[in-house]
Amino acid sequence: MACGLGLPDAEDCAADHWSPALGGRRERNGQWRARCPVPGCKSLRSLEYDAPGRHVRWRSFCGLHPKEVVRPHLVKLIGPCMPGGRAPIRRTDLEALALSGLPPLALKVQMLVYSGMTIAEAFDKLGVDRTTRYRVQRQLSQFGDITAGQR
Ligand SMILES: [Zn+2]
Ligand SMILES: [Zn+2]
């Protein structure tokens, strides 16, 4: 389901969940516009979203922040209603991670993913090389649904 809070209709999700979280307003053409969700960015009306199908669709028109930069901030604000987004982190997730027996590097990667990064961003941040990425990714997929939503 597109909406993480259970609304069957993507348009309702855009109106009831996206708009309050982003301070978005619906414009005459039926699309919503909100300010760029990157903290400190003053770009108004640079985030556009609408719901023509099963999922809310969004684009960034911010001159400073392309889609990849905007995405993790949007995930933080929209949470489970974000297409491909993750549910907010729960205590039980942290507990499971702490008790998982994952090697330290995999543990760090997963913590960064919980903080809102994609797996690729977490690897970049930690300076992990290609061969190691493959290994860590396998360890993480054994841990659970970690890579879910991180395609
Ligand atoms: Zn929703
Ligand atoms: Zn911006």
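**Overall fold and nonpolar cores of the predicted model**

Of the 151 residues that make up the chain, 26% count as buried in this structure, which is a predicted model. The chain contains six helices and four strands, and these elements follow one another along the sequence in the pattern α-β-β-β-β-α-α-α-α-α. Among the contacts between residues at least 6 apart in sequence, 45% join residues at least 24 apart.

The largest nonpolar core comprises 21 residues, and those with the most contacts inside it are Cys 13, Ala 14, Trp 18, Tyr 49 and Val 56. Two or more residues are given to this core by each of helix 1 (10-22), strand 2, strand 3 and helix 2 (67-78), with helix 1 providing the largest share, five residues. The surroundings of Ala 14 can be described individually: when its neighbours within four places in sequence are left aside, Ala 14 is in contact with Ser 19, Trp 32, Tyr 49, Asp 50, Ala 51 and Val 56.

Most residues other than glycine have a negative phi, whereas the phi of Arg 45 is positive, near 55 degrees. Arg 45 is classed as partly exposed because 15 other C-beta atoms lie within 10 Å of its own, a count that falls between the limit of 12 or fewer for an exposed residue and that of 20 or more for a buried one.

Conventions
Residues numbered from 1 in each chain as written. Chains lettered and ligands numbered in written order. Predicted model: local features only at pLDDT ≥ 70, side-chain atom pairs only at ≥ 80, totals over all residues. Core = buried A, V, L, I, M, F, W, Y, C linked by C-beta atoms within 7 Å. Contact = placed C-beta atoms within 7 Å.
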